[in-house]
Amino acid sequence: MSTALSVLAPTAQRLAVFKNQSERVAARFKAIEAAIGHERGTAGRAAEIRVEAAKGKHSERTLQRWIDLYEKHGMAGLARKLPQDAGKPRVVVSRVFDRAFRAAGQPEDLLAQIGGLVVVEAKGLWASTAEASGVNEVRRLLEFRLLELCEARGVELAPAAYRLSRRHVERFSEYRVVNLKKNNAKAFDDAKPRIRRDWTCYAPMEIVIADVKPIDVIVTRPDGSATWGKNIGFVDAGTGRIFCHLVMCAEGEGIRQEHVIEAFIAMTQQPLWGFPRALYLDNGSEFAGLEEKLRGALQLVNPAGVRTVIYARPYNASAKPIEGRFAMMDRYVYAQLPGYAGGERMHKKTQTVGRPPKPYPGSWDEFCTDHAMMVEDFNARPVGGQWGGRSPDEWLREKVQAGWRPIRVDPLALDAAFCKHDTRKARDGRVSIDGIGFHHPALSALPAGTTVALALPWRRGGEPLFQQRDGSWAYLERDYAMPALWEEGALESARRQAGQRRHVALLEQEAPPADPIAIKRRMVARLPVTTVAGRVDRLDTGGAATALVLAIGSASEPTPAQTPEERARALRDRRTARLMGEQRNVG
């Protein structure tokens, strides 16, 4: 092939200009490619045309015509010529309506106007609640609106002319999303564009997702009534494994905060679970207590400023891996257990038509045992997708081998973290809470009136805790009054007193011996001595001192009744004594 002709070889860029004809142009060019490599009118070109025609696909005349078109117009000559109205709509409203409209002598601009209004009306109907009834209902309403549009403009046609094609009506079905947004938030949320999240990069217990799932298995209560249990589930985002805590609620009750707290504490005490670093919680009120009580504890195992409690947005199930795990549990756990009735409570799966489903053939405890076994098997099942066909247990083993270790927390410290804190004064080894007495051997050794820190119970019927000297927590025991003549009362009293002696003995071992008298001797020996500088004045022991003593003595002793003569004589004696004292001082 010559250089000039090779420049005309079809490329993706050249063929792109021939809309929907690239394959046709390429096939025609391939058929004449060998012939156009020879000059026009030569025997070589004629021979190549005969060889190509012998294949039976194209005649010699057709090949010659394609060569002429190619040499005149290049690659564009091998494509079919587009009509003048190519790319323009040939039907304005519908074939039936357009034909009747033109036959009635109506102008084309009015037809185009009505066609535009029909498009607007179609969009509006698809965006309304009519879309829920389907395309046939939308087309029926749209055809009536077409009739009203024509009547408003003085156009009268036969009733059969007001027909619209289903294809034309369905062109605007994408506007149904407007109605979904307004009236079906769940369907609209399910249709939102999503991103894919990779959870495998997290360490075990780095993020734990919690939610509550109704158990679709009917279980019998001890009193014989049927119930549907609840599953408080925790999913470890880094491994995909799930921990389940089952609750059989009382008649007419649902999951409360205390159930969630019990489940959380139970999870933290499992050897391969421990304390999480962050919680991803559902928006239910039963999870509200976890954030308030655990935020401080979560900060202890995280760097400062890290967000430790996250609440999921409503109707955002796709962002929570636990929803997918719950759906898989329906298939691989609950559906295989006897008594499974399915997720549709109004359309239960039953063993016999017209009768209620049979409950689980065992007690609640037996059901919990079977459920735990099924969950253990569930965590050992391989999971596809981002988990690479490995089970949650395999992911856990891999990350344990890489160095991960669970965080251990004292269960009593966790219990106290969820309690309401208060103080009381201990007396006689007891504290009183709402008029009820509680005791503990450690309280018996405290002096009366000692203030004790308490943690009031968060669960129904729970016992309070008190904080011991080392900062740990212990449960208090309820103090019951015993009958006066029962021997058990004396035994209980002896037990408490023995406990007090043991506790005091422990305190005595911790306290070193001390001698306060010896300490005071050393203290007094270090006291500073006060001295007076200069000559020390002597006290006068002469007449003045004697007179002072006599005066004090006479004032302190009772004076008997005296006659006037005796009083005059005593006065003269006192004057004489004073004068004699003054003379001695002068001498």
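These questions and answers concern a predicted model and the terms used to describe its parts.

Q: What makes up the secondary structure of the protein, and how many residues are buried as a percentage?
A: The protein has 22 helices and 12 strands. Of its 587 residues, 33% are buried.

Q: What is the accessible surface of the protein, and which share belongs to carbon and sulfur atoms?
A: The accessible surface comes to about 37,000 Å². Carbon and sulfur atoms hold 54% of that surface.

Q: What share of the contacts between residues at least 6 apart in sequence join residues at least 24 apart?
A: That share is 63%.

Q: How do you know that the length of α8 agrees with its number of residues?
A: Helix α8 covers residues 135–152, which is 18 residues. At 1.5 Å a residue, taken times one less than the number of residues, the helix should span 26 Å. The end C-alpha atoms of α8 are 26 Å apart, so the two values agree.

Q: Why are the buried residues of α8 said to line one face of the helix?
A: The buried residues are V135, V138, L142, E143, L146, L149 and C150. Seen down the axis of α8, they fall within an arc of 135°, so they line one face. On the other side of α8, R140, E151 and A152 are exposed.

Q: Why can the buried residues of α4 be placed on one face of the helix?
A: In α4, residues 43–53, the buried residues are R45, I49, E52 and A53. Down the axis of α4 these residues fall within an arc of 100°, so they line one face of the helix. A43 and V51 are exposed on the other side of α4. The cover over the buried residues of α4 includes α3 (22–32) and α5 (60–73).

Q: What makes the phi of M205 worth a remark?
A: Most residues other than glycine have a negative phi. M205 is not a glycine, yet its phi is positive, about 65°. M205 lies in the loop between α11 (185–190) and β1 (208–220).

Q: Why is M205 called buried?
A: Buried means under 20% relative accessible area. M205 has a relative accessibility of 1%, so it counts as buried.

Q: Why is the contact between R102 and E108 called a salt bridge?
A: Side chains of opposite charge can pair when their charged atoms come close. The cut-off is a side-chain nitrogen of Lys or Arg within 4 Å of a carboxyl oxygen of Asp or Glu. The N to O distance between R102 and E108 is 2.6 Å, so the pair is a salt bridge. A search of the whole structure finds 18 salt bridges.

Q: How do you know that the salt bridge of R176 and E131 links distant parts of the chain?
A: The side chains of R176 and E131 meet at 3.0 Å, N to O. R176 is in helix α10 (residues 176–183), while E131 is in the loop between α7 and α8, and the two are 45 residues apart.

Q: Are R176 and E131 buried or partly exposed, and why?
A: R176 has 35% relative accessibility, so it counts as partly exposed. E131 has 5%, so it counts as buried.

Q: What is the N to O distance in the salt bridge of E253 and R256, and which residues are joined into one network?
A: The distance for E253 and R256 is 2.7 Å. E253 has a relative accessible area of 33% and is therefore partly exposed. Salt bridges that share partners join R40, R45, D68 and E71 into one network.

Q: What makes β7 and β12 edge strands?
A: The sheet is open, has three strands in the order β7-β8-β12, and its pairing is antiparallel. Strands β7 (430–433) and β12 (477–478) each pair on one side only.

Q: How do you know that β8 and β12 pair?
A: Pairing takes at least two bridges between two strands. Two bridges join β8 (residues 436–439) to β12, so the strands pair, and they run antiparallel. In β12, R478 is the bridge partner of F438.

Key:
Residues numbered from 1 in each chain as written. Predicted model: local features only at pLDDT ≥ 70, side-chain atom pairs only at ≥ 80, totals over all residues. Heavy atoms only, no water. Buried < 20%, exposed > 50% of the residue type's maximum accessible area, 1.4 Å probe, protein only. Helix = DSSP H or I, 4+ residues; strand = E, 2+ residues; numbered from the N terminus. Arc of directions from axis to C-beta. Contact = heavy atoms within 4.5 Å. Areas by Shrake-Rupley, 256 points an atom, 1.4 Å probe, with all protein chains shown as cover.
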